[in-house]
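Biologist: Before we discuss the arrangement of strands, domains and chains, may I see the structure itself?

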Amino acid sequence: MATDLLQRTRPPLWRDPATREVLYQVLFVALIVALGAFLVHNTLVNLRRQNIASGFGFLDREAAFGIGESLIAYSPADTYARAFVVGLTNTLYVAALGIVLATVLGTVMGIARLSGNWLVRKLAQVYVETFRNIPLLLQLFFWWGLLRETGPAPRQAWQPLPDFFVSNRGIAFPTLTPQPAYHWMALALSIGILAAIAVHRWARRRQVRTGQQFPSGWVGAGLIFGLPLLVFLAAGAPLTLDRPALKGFNFVGGHEVSPEFAALLLGLVIYTGTFIAEIVRAGILAVSRGQSEAAMALGLRPGHCMRLIVLPQALRVIVPPITSQYLSLTKDSSLAVAIGYPDLVSIANTTMNQTGQAVEGIAMIMAVYLAISLLISLFMNLYNRSVALVER
Amino acid sequence: MKIKGILGALAAIGIGLGLGATAHAGPTLDKVKQAGQISCGQGTGLAGFGAPDSQGRWAGFNVDICRALSAAIFGAADKVKYVPLTAQQRFTALQSGEVDLLSNNTTDTLQRDTELGLNFAPVVFYDGQGFMVSKKLGVKSAKELNGATVCVAPGTTTELNLADYFRANKMEFKPVVIEKRDEVLSAFFSGRCDVYTTDSSALNADRLSQAPNPDDYVILPERISKEPLAPVVRHGDDQWDDIVRWVVYALIDAEEKGITSKNVDDKLKSDDPGIKRMLGVTPGMGKALGLDEKWAYNEIKLVGNYGEIFDRTLGKDTELKFERGLNNLWTHGGLLYAMPIR
């Protein structure tokens with residue numbers, strides 16, 4: 001009887017849970033879209049009313065301002081678009097170097113925090129607790145001030161090694177003058193790397209099949225370093241250095257690392273390194289002691305035990321949070337604007353101020369950081385999938 | 001959860017509408033009168049032009065322009081809120097209505113007048129860009145600066161003139177671009193750069209007020225640009241534009257007519273029809289601007305004429321000791337020429 005009633009009286013439409021659910025979601029999305037459209041429309045109307053230029057036409061105009069350091073050729077006669085690309089490459093450069101160095105530093109410190117040696121353990125702890133708890137911006141000002149104030153003027157530059165000069169303008173060091181042979185060496189290097197990977201795979205398959213070991217590490221190193229060396233010698237060892245020399249106000253020739261870049265890199269690496277150290281430590285501690293004990297009992301050496309048993313399991317805990325740290329580091333690099341490193345934000349700021357087109361400039365900055373972050377996420381997620389625990 | 005989301009969206013729309021409403025607000029004068037004060041965009045502190053003194057009160061040449069405006073509108077010189085802005089923040093702050101005008105050494109240029117949606121009041125200070133270097137370098141002319149590292153603030157005409165000058169003279173330079181003025185200065189004085197460049201008046205002020213030892217630095221003789229510095233208002237409010245314009249003209253005109261803060265009360269009895277019109281003895285000018293007839297009287301009485309302001313903040317009564325130079329009346333060989341108040 002009761003079931004009969006329930007079946008016959010369907011609730012009115014606005015009280016039907018299924019309909020209501022769909023209705024709310026449609027309504028919500030519509031509101032968001034309307035809000036977005038309203039804001040865009042309102043902005044455009046207001047800009048037009050105040051006669052403020054809009055659109056991306058300014059990108060083709062001459063930038064007319066100088067940029068202190070650039071990985072690609074740039075002069076004030078280039079366009080705003082090119083200046084923007086200079087900023088982008090500067091950001092990517094410092095972020096990429098920062099990620100690599102922070103990972104190395106963080107891993108070393110994370111393992112040091114678990115060291116049996118009291119001094120090493122405590123030093124690592126002091127490092128982590130100090131630099132993790134000071135705002136990054138302050139650290140940047142500190143490093144920048146330190147590099148600027150302690151360095152001598154270029155004419156009295158320190159010379160720790162021949163052709164290395166340290167001054168308050170940065171560190172100047174010699175670089176190799178490009179030679180045609182270097183292209184062939186690069187080719188030899190890539191062949192060497194591919195061959196080393198092939199040898200390693202073959203050795204591993206053979207070990208699984210027959211139990212026989214093969215010194216694939218040594219052979220691989222020989223292939224990677226030996227092949228380019230052979231090409232280098234065969235080409236008659238062409239080696240000329242582009243040496244820095246004091247000419248007028250500054251060092252000319254070679255490569256110069258500015259105090260701004262050095263301070264930014266140092267700050268980012270040391271700050272992010274603390275977080276990575278904690279993540280690494282947590283990852284290693286997450287692998288139960290029984291695992292390594294079992295490995296030892298089977299007769300694996302400590303190195304093998306770490307590489308084959310502990311690390312693969314630790315990585316699965318380490319990789320996801322470390323992705324966040326890489327993202328943070330990349331975004332934190334925008335603090336460069338405070339200490340005068342010409343990163344993306346710094347150059348976009350100048351552009352916005354010279355053209356007055358703040359809305360477009362901010363939109364471009366946001367789009368670029370979003371794209372970089374999504375790319376990092378994508379690669380790290382792919383990597384994560386390859387190290388994740390495969391359950392059977 | 002969903003209800004909360006909808007409420008959030010509604011709140012956001014409310015904020016959006018609110019923003020829209022402020023952007024459409026009526027003429028600036030009404031807003032200023034309602035608020036009881038003028039919001040005056042200043043720089044982040046430049047000796048002589050505009051900086052807080054030891055008691056935290058803003059003082060300086062640019063500050064006095066805003067005080068004169070306040071006197072003309074309210075009959076009191078202190079109805080001003082000073083908003084310190086960096087070179088990069090200033091235009092957005094003005095465009096968005098956060099400040100009612102900029103009085104902070106902004107150079108009048110075509111692009112700012114048009115694409116940035118701004119209007120410039122008459123020029124209050126004629127300046128030109130210069131270079132400051134350490135004496136130790138032994139540089140005598142800007143032409144010797146090839147290869148130098150130059151400290152400069154971003155988003156300024158200075159940054160562009162610098163690049164133009166080095167390009168025109170086929171020289172190379174390395175800019176170090178830092179947003180905050182005190183950071184630029186500390187970078188220069190610590191030796192990070194060979195050269196510091198900005199308007200020469202500011203170079204002088206910084207050399208005297210910020211350098212560890214002013215005698216260690218010299219300002220090179222070249223003036224590489226014209227920098228006409230003027231107060232700035234938004235496009236689209238002609239009445240406010242007019243008020244700022246004529247408040248500045250009145251300061252200059254008063255000096256030309258010999259009216260000072262000390263003798264302005266005597267001048268009320270003057271027979272000169274021009275002075276009578278200006279001081280509101282003969283009514284009409286104030287009404288035309290939408291202000292009290294005493295607008296110019298109050299300005300001069302409470303703040304002084306252009307010459308008095310200059311002497312008090314930048315000129316002979318200060319440590320800066322600027323010459324009047326271009327900033328003298330046209331009758332004394334300068335460029336200051338006020339339109340007739342009639």
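**Strands, domains and the chain contact**

Modeller: In chain B, strand β1(B) runs parallel to strand β5 (residues 101–102), and two bridges join them. Please bear in mind throughout that this is a predicted model.

Biologist: Within that pairing, which residue of β5(B) stands opposite B:G41?

Modeller: The pairing of β1(B) with β5(B) is parallel and rests on two bridges. In β5(B), the residue opposite B:G41 is B:L102.

Biologist: With which strand does β1(B) pair over five bridges, and which residue there stands opposite B:I38?

Modeller: The five bridges link β1(B) to strand β4 (residues 80–84) of chain B, again in the parallel sense. In β4(B), the residue that faces B:I38 is B:V80.

Biologist: What is the bridge partner of B:C151 in β10(B)?

Modeller: Strands β9(B) and β10(B) are parallel and pair over five bridges. The partner of B:C151 in β10(B) is B:V176.

Biologist: How far apart are the C-alpha centres of the two domains of chain B, and how many charged residues has the side of domain 1 that touches domain 2?

Modeller: Domain 1 of chain B comprises 24–126 + 229–258 + 306–326, and domain 2 comprises 129–225. Their C-alpha centres are 26 Å apart. The contact takes 15 residues from each of these domains of chain B. On the domain 1 side there are seven nonpolar and seven polar residues, and the charged count is one.

Biologist: Which element gives the most residues to the side of chain B that touches chain A?

Modeller: The contact between the chains takes 44 residues from chain B and 42 residues from chain A. By class, the chain B side has 19 nonpolar, 15 polar and 10 charged residues. Elements supplying at least two residues each include α4 (90–95), β9 (148–152) and α6 (157–168) of chain B. The element that gives the most, with nine residues, is α1(B).

Biologist: Turning to chain A, why is one side of β1 and of β7 left without a neighbour in the sheet?

Modeller: Three strands of chain A form an open, antiparallel sheet in the order β1-β2-β7. Strands β1 (165–167) and β7 (255–257) of chain A stand at the edges, so one side of each lacks a neighbour because each has a single partner strand.

Biologist: Which residue of β2(A) is the bridge partner of A:S167?

Modeller: Strand β1(A) runs antiparallel to β2 (residues 170–173) of chain A, and three bridges join the two. In β2(A), the partner of A:S167 is A:G170.

Methods: Residues are numbered from 1 along each chain as its sequence is written. Chains are lettered from A and ligands numbered from 1 in the order in which they are written. This is a predicted model: local features need pLDDT of at least 70, side-chain atom pairs count only at pLDDT 80 or more; totals for chains, interfaces and linings use all residues. Two strands pair if DSSP finds at least two bridges between them. Helices (H or I, at least four residues) and strands (E, at least two) are DSSP runs, numbered from the N terminus. Domain bounds come from an automatic or database domain assignment. Two residues are in contact if their C-beta atoms, placed from the backbone, lie within 7 Å. Ala, Val, Leu, Ile, Met, Phe, Trp, Tyr, Cys and Pro count as nonpolar, Asp, Glu, Lys and Arg as charged, and the others, Gly among them, as polar.
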